[in-house]
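Work through the exercises below with the model open. Try each task before reading its solution.

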Amino acid sequence: SISQINWTINSGAIFGLTSNLPVATSRSLTITGTLNTGTAAVTGAGTVSLSGTLGIGSPDGIVTGSTTAGNLRNSGTRTLNPTATYRYNGSSSQTTGTNLPTSITGILEIVNSGSTGNNTVTMTNNNTTVSTLNLTSGLLAIGTGQTLIIASGGTVNGTGGDFASGATGGMVRFSTTAGGTFNGNLNPFSVETNGNPCGVNFGAQTVTIQSGGTFNINAGGFVNSNPPAYASGSTLTYLTGADYGRGLEWSTTSGKGYPHHVNVSTTTLNPASTGAVNAAVPFQCAGNLTISSGGNIYMDFGGNNMTEDLRVLGNLSLQGNLSGSQAVGSDIFIGGNWTNNGTAANFFPNSREVVFNGSSGQTIGGTNTTVPAFAFLAITTGGSDVTSNLPLTINNRVQMNSGKLIIGNNNLTIAATGLI
């Protein structure tokens with residue numbers, strides 16, 4: 001009986017199952033080569049030891065302790081080495097299963113050949129760590145609210161596969177100290193750094209953060225060599241808990257390095273960076289800029305003055321602090337609404353102009369009643385109006401190039417030397 005055999009698949013050998021393989025009590029299956037299970041299973045009461053490659057074709061993946069589901073159904077001991085390669089190569093959607101090691105120093109590979117809509121491999125275990133992730137065909141769904149951790153120095157390689165769309169795509173987290181690298185054209189839902197230092201190289205091709213997803217830069221995180229692209233509706237979020245010099249993550253006005261929404265949270269952002277090396281680097285976002293409570297943007301940080309304008313094509317939501325540059329020629333342009341919900345004086349213009357230049361009606365509002373005066377304010381909207389829902393004080397000049405400033409029942413105070 002074949003169930004009484006001790007099976008060994010040697011390194012370099014490839015063995016494929018077309019039917020279940022029984023391994024009897026006191027018998028073993030040792031895999032140092034490649035076993036492709038297809039939709040068949042290893043059964044019986046014997047043991048399984050894997051240090052080579054396991055091709056997993058079952059929709060259920062590999063399931064801890066199960067004798068009825070997945071490709072490994074033996075009731076004996078299973079030794080699944082973290083150095084092995086786990087290759088999900090089913091022909092329909094799969095789950096990885098609870099028996100996938102939670103720390104893989106070998107390779108996790110997605111090679112699903114199912115048709116569109118039926119080719120997604122979904123992670124079962126949250127916070128699984130892998131050194132190498134190969135997306136060869138099909139889609140990987142890390143899971144809504146779940147994280148796949150890339151070990152220090154790890155890689156994510158896209159050669160035809162990708163991440164699932166939407167929140168089910170989950171979070172890809174890179175680790176200290178060596179960070180990691182993307183290779184190929186990929187579309188992760190969200191990506192974050194973890195640990196200090198932790199640099200992420202998004203590769204020479206294009207890695208795009210999906211709409212609704214985020215790129216979180218935590219303490220010690222940075223972009224190394226190549227920034228991501230950002231889909232409309234995605235967010236670049238600063239969560240460093242410290243001062244931070246703007247880098248490649250926010251550095252262009254098109255393509256890679258051009259964020260859509262930006263949220264500065266628990267970070268004091270120095271947009272010019274130390275030595276003002278990025279003072280003339282574009283400082284524009286395609287969507288909304290949120291400066292959260294505990295977040296700050298100082299365009300004059302430590303005397304490192306921006307010479308480039310801050311341009312927000314969407315709304316500015318201000319709870320933390322914003323200061324203008326002290327260099328002439330660096331102003332602030334707002335394409336949407338200005339909302340200040342801070343609790344104290346939190347806008348310091350430094351004699352820089354705020355220009356409202358949206359293509360439709362804009363508002364100035366919020367709950368902050370201690371807003372410092374605007375130094376210069378300009379309306380350049382192409383004919384639409386800017387409505388202030390707050391009293392305004394202008395120290396130097398209000399300039400209405402096109403469009404009107406509507407103040408309603410609020411006061412507009414012009415300093416004694418100011419102009420309209």
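**Exercise 1: the sheet**

The 4 strands of an open sheet run in the order S11-S13-S15-S17, with parallel pairing. Strands are DSSP runs (E, at least two residues), numbered from the N terminus. Two strands pair if DSSP finds at least two bridges between them.

This is a predicted model: local features need pLDDT of at least 70, side-chain atom pairs count only at pLDDT 80 or more, and totals for chains, interfaces and linings use all residues. Residues are numbered from 1 along each chain as its sequence is written, and side-chain values use heavy atoms, with hydrogens and water left out.

Solution. Next, take S11 and S13 (residues 120–122): they pair in the parallel sense over 2 bridges. Thr95 stands opposite Thr122 in S13.

**Exercise 2: the rings**

Task: classify the pair Trp250 and Phe283.

Solution. Start with the rule: rings of Phe, Tyr and Trp (its six-membered ring) pair if their centres lie within 6.5 Å; planes under 30 degrees apart count as stacked, over 60 as edge-to-face and the rest as tilted. The structure holds 11 aromatic pairs. In Trp250 and Phe283, the ring centres are 4.5 Å apart and the planes are at 45 degrees, so the pair is tilted. Trp250 lies in the loop between strands S27 (243–245) and S28 (261–264), and Phe283 in strand S30 (residues 283–285), so the pair ties together parts that are 33 residues apart in sequence. Both residues, Trp250 and Phe283, are buried (under 20% relative accessible area, 1.4 Å probe, protein chains only; exposed is over 50%, partly exposed in between).
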